[in-house]
Structures are given as C-alpha cells and as structure tokens.
Amino acid sequence: MGARKRISAEARKEAQKTMYFAKLRNVPTSPRKMRLVVDMIRGMEVFRALGVLKFSNKEASARVEKLLRSAIANWEQKNERKAETGELFVSSIQVDSATMLKRMRPAPQGRGYRVRKRSNHVTLFVDTRSTNDSQN
C-alpha cells in the first residue's frame with residue numbers, strides 16, 4: 001500500500017481560491033433521485049443547464065437550479081465580472097449520501113419495519129472551458 005499524500009489546510013484553502021463551487025447540504029431527497037437530475041447537466045454549459053433544469057419536472061431540479069445559480073454567482077464574485085453565454089461549464093458535480101433518518105413503520109403481528117429516510121449532499125464546480133482544455 002502506498003502512503004497517501006497529506007494536504008495541509010493552508011494548501012487546500014489556497015487551491016480552493018482558484019476553484020468555483022457551491023455546496024448544497026442535507027437535502028431531504030434520496031441520493032438516487034438527485035443523481036437522475038445531476039446526470040442531465042454534467043459537463044453542460046451553465047446557461048443551457050439552467051434551461052434544462054427549469055423545464056425538468058423532477059422535484060430535485062429546482063434545488064439543483066438554485067445551487068447552479070449560486071455557483072455562477074460565486075464565479076462572478078471571484079472574477080469581478082458577469083459570466084457570458086458559452087463561457088462557463090459545469091466541470092464537476094457529485095452527489096454524496098448524508099445522514100439517514102431511521103423510522104419505524106407498524107407491521108403485522110406486532111412487528112415494525114424500518115424506514116430509512118435518506119438525504120444527500122451535492123457539490124457543484126463550474127469552470128471556464130479554456131482552463132479545462134489546458135489541464136487535459
């Protein structure tokens with residue numbers, strides 16, 4: 001087994017200054033349902049992705065749309081200018097499972113079935129196409 005390289009907190013904070021992202025935490029929908037929405041916009045241009053999310057009939061799409069608007073605003077804040085059409089892309093988006101609420105549902109003959117109410121965390125990164133091309 002190879003030793004994992006440890007990154008200091010300062011180095012991580014310095015690296016995040018050049019990354020543009022937004023996080024949505026503890027969303028009370030299952031990660032599987034959220035991934036259906038997230039997979040629709042992965043790698044897409046941000047304004048096109050906003051259109052796709054706006055007209056999607058999934059409940060999770062409204063939350064992802066708001067998250068994407070937040071990520072665009074974060075990019076605009078760090079670059080001190082407005083984002084132009086065709087400039088920004090969804091470079092990375094991931095859905096991780098969060099805490100599960102465990103509940104009991106009454107079952108026959110005095111038993112109880114466990115109900116797991118799942119929740120998730122979504123992390124969305126936006127970037128310009130030119131930065132992505134130079135890294136690959």
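Leaving aside its neighbours within four places in sequence, which residues is serine 92 in contact with? I looked this up first. With contact meaning heavy atoms within 4.5 Å, serine 92 touches Thr123, Leu124 and Phe125 once those neighbours are set aside.

A note on what I'm looking at. This is a predicted model, where local features need pLDDT of at least 70 and side-chain atom pairs count only at pLDDT 80 or more, while totals for chains, interfaces and linings use all residues. Residues are numbered from 1 along each chain as its sequence is written, and side-chain values use heavy atoms, with hydrogens and water left out.

**Serine 92**

I found serine 92 in strand 2, residues 88–97. Helices (H or I, at least four residues) and strands (E, at least two) are DSSP runs, numbered from the N terminus. Serine 92 has 27% relative accessibility, so I put it down as partly exposed. For burial, I use buried for under 20% relative accessible area, exposed for over 50%, and partly exposed for in between (1.4 Å probe, protein chains only). I also checked glycine 43, which is 49 residues from serine 92 along the chain. Their C-alpha atoms are separated by 7.0 Å.

Three of them form an open sheet in the order 1-5-2, with antiparallel pairing. Two strands pair if DSSP finds at least two bridges between them. Strand 1 (20–27) and strand 2 are the edge strands, each pairing on one side only. On average, neighbouring strands here are turned by 15° against each other, direction ignored.

Strand 1 and strand 5 (residues 120–128) are antiparallel over six bridges. Here alanine 22 stands opposite leucine 124, and lysine 23 stands opposite threonine 123. Strand 2 and strand 5 are antiparallel over nine bridges, and leucine 88 stands opposite threonine 128 in strand 5.

How many residues of strand 5 are buried? I got nine of the nine, so strand 5 is largely enclosed by the rest of the structure. In a regular strand the side chains alternate between the two faces of the sheet. I checked both faces of strand 5: Asn120, Val122, Leu124, Val126 and Thr128 are buried on one side, and His121, Thr123, Phe125 and Asp127 are buried on the other.

**Two helices**

How do the helices sit? Helix 2 (residues 31–41) and helix 4 (residues 60–79) pack at an angle of about 50°, and their axes are 9 Å apart. That makes helix 2 oblique to helix 4. Axes are lines fitted to C-alpha atoms, for helices over the stretch in contact, and angles run from 0 to 180 degrees between N-to-C directions. As for the angle classes, under 35 degrees is roughly parallel, over 145 roughly antiparallel, 65 to 115 roughly perpendicular, and the rest oblique.

I listed the residues making this contact: Met34, Val37, Val38 and Ile41 of helix 2, with Ala60, Ser61 and Val64 of helix 4.

**Alanine 15**

Last, I looked up alanine 15, which is in helix 1, residues 9–16. At 37% relative accessibility, alanine 15 counts as partly exposed. Its C-alpha atom is separated by 44 Å from that of methionine 104, 89 residues apart along the chain.
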